[in-house]
Amino acid sequence: MEHLSTLSNNKLEKWLNEHNSQAYRRKQIFSWIFERWLQSPLEMQNIPKELREELNSSFASSTSKITDDHSTDDMTDKILIELADGESIENVIIRTEDRTTFCLSSQIGCAVQCHFCASGLDGLIRNLTAEEIIEHLLICCRKANSRPDNIVFMGIGEPLMNIENLIQALDIISSPERFAFSPRRITISTSGWVPGIIKLANIAKPYNLALSLHGTDDTIRAQLIPEKCRYPLSKILEACCEYRNKTRRMITFEYTLLKGVNDSYEQAQKLAQLARKQHAKVNLIPFNTVAETKFIRPDDHHILSFLKILTDNGIQATCRLKKGNNINAACGQLRRSQKNQKQKQEQK
Ligand code: SAH
Ligand code: SF4
């Protein structure tokens with residue numbers, strides 16, 4: 001059964017016509033879904049009752065539900081969403097004084113399996129469908145009681161390995177007739193999946209691309225990202241260059257700081273050089289400890305010194321010491337802890 005949220009204008013108008021309703025109802029229906037974030041057509045008040053019921057029986061409705069909700073003092077909500085098949089994913093709502101950012105997931109698990117990340121510990125379970133991605137965005141709107149100012153695909157999964165569904169969802173999110181959200185306020189984060197970067201470049205929409213660089217050479221990256229999904233840095237940077245040329249957007253390098261692995265001051269200098277050459281901004285992410293891994297977070301003083309080397313070199317660089325922790329707890333840790341809990345209960 002199709003979902004209303006991903007139905008094309010033509011299809012919905014055709015359906016309305018077949019159900020003796022006028023085409024203007026399409027706008028009303030989309031307004032309920034994308035502006036009022038309603039889950040069920042039965043709640044669409046300005047639609048005649050009969051039509052509401054027909055919509056309800058003809059189209060699939062939202063089946064995901066929030067099962068865990070961790071709100072923290074610093075205005076971050078981490079929500080665990082259970083899907084129709086019992087799997088769960090995380091999304092995060094991050095509020096600062098002037099902005100609300102939704103951090104969305106793209107897959108259940110992740111095939112890349114970076115050694116420091118909780119999302120990939122069990123590999124890939126499945127892709128999220130476009131409907132699920134949209135549904136989770138709308139769940140976040142309801143939870144935050146607002147639209148986001150920014151959307152980042154930095155939750156669970158490698159978005160560019162689910163590119164067909166991602167693009168379908170992005171088209172709906174940025175369509176003026178649907179969620180009407182500017183592509184310039186959407187960031188897609190990738191571990192460096194070259195075919196996906198090139199595909200996205202060819203779409204040539206001004207989405208922001210964030211590359212999870214984590215190391216300025218292949219030797220350091222090899223310690224963090226397993227070989228099966230890792231491209232040579234030269235190929236990744238070539239693809240990023242194509243992305244920049246086609247979209248005219250500046251790339252961001254994400255750099256998860258891991259003690260003794262990639263946090264030396266020499267590495268900071270190399271990172272500054274690379275960022276300058278690639279016209280990239282840098283986002284430093286202090287490692288958020290994952291119990292199952294051996295990595296360690298550098299201390300705050302060291303992180304700030306690393307950051308200063310970048311800014312002293314004229315690089316536009318950011319690092320959120322406290323919030324960063326919370327944003328990256330998006331990356332599979334809540335899901336992981338619930339999964340562990342479930343397993344323990346089953347063993348009892
Ligand atoms: N798969 C994509 C997007 C999701 S991960 C990617 O890798 O880019 C989003 C960001 O969070 C990545 O930069 C990733 O390296 C980082 N990350 C994952 N686990 C982390 C952790 N435990 N601590 C800090 N950063 C982490
Ligand atoms: Fe996957 Fe990104 Fe985690 Fe790597 S960091 S395992 S690519 S979600």
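Let me start with Leu83, which sits in the loop between β2 (76-82) and β3 (88-95). What we are looking at is a predicted model, so please take every value I mention as computed from that model. Leu83 has a relative accessible area of 2%, and because buried means under 20%, Leu83 counts as buried. Leaving aside neighbours within four places in sequence, Leu83 is in contact with Ser64, Ile89, Ile108, Arg126, Leu128, Glu132 and His136. For a sense of distance, take Ala272, which is 189 residues away from Leu83 along the chain. The C-alpha atoms of these two are separated by 42 Å.

Now the overall layout. In the contact between them, domain 1 takes part with 12 residues and domain 2 with 14 residues.

In soluble globular proteins, nonpolar side chains tend to be buried together. Here the largest nonpolar core holds 83 residues, and the members that touch the most other members are Phe179, Phe253 and Leu284. Which helix gives the most to this core? That is α4 (residues 130-144), with nine residues. Both domain 1 (4-58) and domain 2 (65-347) give residues to this core, so the core lies between them.

To look at one of those members, Leu284 touches Tyr255, Leu257, Leu271, Ile303, Phe306, Leu307, Leu310, Thr318, Cys319 and Arg320, with residues up to four places away in sequence not counted. Apart from that core lies another one, of 14 residues, including Cys110, Val112, Leu258 and Phe287.

Two of those names, Cys110 and Val112, come back at ligand 2. Nine residues surround ligand 2, and the closest are Cys110, Val112, Cys114, Cys117 and Ser191. How many residues of each class are in this shell? There are five nonpolar residues, four polar ones and no charged ones.

On to ligand 1. Around ligand 1 there are 23 residues, of which Gly157, Ser189, Ser212, His214 and Asn288 come nearest. A backbone N or O atom of Gly157 is 2.9 Å from a nitrogen atom of ligand 1. Ser189 places a polar side-chain atom 2.6 Å from an oxygen atom of ligand 1. From Thr256, a polar side-chain atom is 3.3 Å from a nitrogen atom of ligand 1.

Let me stay with Gly157 for a moment. Gly157 is in the loop between β7 (150-153) and α5 (163-174). Is Gly157 buried or exposed? The relative accessible area is 17%, and since the limit for buried is under 20%, Gly157 counts as buried. That area is computed with protein chains only. Beyond four places in sequence, Gly157 is in contact with Ser106, Gln107, Gly109, Cys110 and Ser119. Ser119 is 38 residues from Gly157 along the chain, and their C-alpha atoms are separated by 6.8 Å.

His214, also among the residues nearest to ligand 1, lies in the loop between β9 (208-212) and α7. His214 is buried, at a relative accessible area of 4%. What stands out in its backbone is a positive phi of about 60 degrees, although His214 is not a glycine. As background, most residues other than glycine have a negative phi.

Arg248 is another such case: its phi is near 60 degrees, a positive value in a residue other than glycine. Arg248 is found in the loop between α8 and β10 (252-257). With 68% relative accessibility, Arg248 counts as exposed.

Not counting residues up to four places away in sequence, Tyr231 touches Gly192, Trp193, Val194, Pro195, Asp218, Arg221 and Ile236. Between Tyr231 and Ser57, which are 174 residues apart along the chain, the C-alpha separation is 47 Å.

That is the end of my part.

Technical notes
Residues numbered from 1 in each chain as written. Chains lettered and ligands numbered in written order. Predicted model: local features only at pLDDT ≥ 70, side-chain atom pairs only at ≥ 80, totals over all residues. Heavy atoms only, no water. Near = heavy atom within 4 Å. Nonpolar A, V, L, I, M, F, W, Y, C, P; charged D, E, K, R; others polar. Core = buried A, V, L, I, M, F, W, Y, C linked by side-chain atoms within 4.5 Å. Buried < 20%, exposed > 50% of the residue type's maximum accessible area, 1.4 Å probe, protein only. Helix = DSSP H or I, 4+ residues; strand = E, 2+ residues; numbered from the N terminus. Domains from an automatic or database assignment. Contact = heavy atoms within 4.5 Å. Polar contact = N/O pair within 3.5 Å; in protein donor to acceptor, adjacent residues only side chain to side chain.
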